[in-house]
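Hello,

Here is the structure we talked about. Please open it alongside this note.

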Amino acid sequence: MFSAAGRRACAAVIVAAVLLSAVPALAHGFSSTVYAGLTAPEAGHVRGELRLEYDLLVVSAADHEKDDPLFRAGTAAFDDGDAKDQAAALDDHADSVVAYVTRRFGVTTGGRACTPVQDGGFTIERREGVPYALLVLDYQCPPAAEAHEVRSGLFPDSEGYVRDTKTIVTYDLDLTSGSTALDAEHRSFSTGQSGAERSWTFFRLGAEHLLTGLDHILFLLALVVGSRRLREIVLAATTFTLAHSVTFVLAALGLVRVPEWFVEPVIALSIAVVAGWHLWRLWRRRSHATDLGTSDRGRPGLDRAGWTRLAVVFGFGLVHGLGFASALGIDQSRSWTLLWSLLVFNVGIEVVQLAIVAAVFPALALLRRRRPAGGLWTTAAVAAGVSVMGLVWFAQRVFES
């Protein structure tokens, strides 16, 4: 089916895929999400409820505060999986833990810092099987404030434990409520910010997530190389968008909860299956593979295989939506205010997705038209590499879950 040059290209792409798959199997891994809820029970006070990943909190606080007993007690409790012992370890070393957190998460008003005081002891919750510590802080603030500024620099990259931390903040302060997301590039926000500024934050996060989520990009690439006609890629991309938007919203509303140990391997498998689908079609046609998409050019609809492909894309799109939701740590019902922000996050994903399709598909279409054989082995090589990568990731994620 392919020339010698085509076979060499396929082999090179497959080798590159295997090498690339040596990167961490979880494209969203090595990151953490902090949840902060801020309310004003009375003038001059801000109540902060911070939920932080337990094991990360223990090692970071112990390292920064030079508290080896905290590390030993905290990691032993983590290994045992006992929530009471985990809370006790934090309570016994509350000075170190609170000092670490309050140096990196703060509230100010009028240019003056609010003074935090711990309110009660630590409690342990679980999110997707991972223990989170709940720390409640009472901030005493200067009175007559028009706006509060919130700053978060928790678990920075420089500590070497995670590559990225997002702090999802929901607030009801200064006669306004809303939500925002803070990260290494955007560490603070003011309640005086406009709705457009808050929406831009989530739009940017959505765009960045797709650009840095290699597995989602490869799935999209598999859709592109497997679509020979414009209507095929339009229908495939639209189906994928509808599917992942459904589960993304359902997860945000708390109506769907699927463990990460299932979601991440299936996302990897979806990459291999969709890319392999194109290879299977080429193998079936063999010497007539260049005729794919040309013999039925005049037909307005899809054939049976085309509709089956869309059904497969829709099913995998549902799982990718759960992967997008996990990027923001969505595992329980959120407020409608935050839901709007999450929808904006989804719009950011879609814009980047459309940009990738617009950049890649016309180039492949032009190559297929001018050099049918060249277009054939190019898409086959890309599909082969993407499929191998998906299979390797699938195996890694299954054994690591």
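**What turned up**

T33 sits in strand β1, residues 31-39. Strands here are DSSP runs of E with at least two residues, helices are runs of H or I with at least four, and both are numbered from the N terminus.

The model is predicted: local features need pLDDT of at least 70, side-chain atom pairs count only at pLDDT 80 or more, and totals for chains, interfaces and linings use all residues. Residues are numbered from 1 along each chain as its sequence is written, and side-chain values use heavy atoms, with hydrogens and water left out.

Back to T33. Its relative accessibility is 9%, so T33 counts as buried. (Buried means under 20% relative accessible area, exposed over 50%, partly exposed in between, with a 1.4 Å probe and protein chains only.) The C-alpha atoms of T33 and I168 are 7.2 Å apart, yet 135 residues separate the two along the chain.

Now the rings. There are eight aromatic pairs in the structure. Rings of Phe, Tyr and Trp (its six-membered ring) pair if their centres lie within 6.5 Å; planes under 30 degrees apart are stacked, over 60 edge-to-face, the rest tilted.

One of them is Y35 with Y132: tilted, 5.9 Å centre to centre, 45° between the planes. Y35 is in strand β1 and Y132 in strand β7 (residues 130-140), so this pair ties together parts 97 residues apart in sequence. Both Y35 and Y132 are buried.

F219 and F240 also pair. Their ring centres are 4.9 Å apart and the planes are at 40°, so this pair is tilted. It links distant parts of the chain, 21 residues apart: F219 in helix α7 (residues 214-225) and F240 in helix α8 (residues 230-252). F219 and F240 are both buried.

Best wishes
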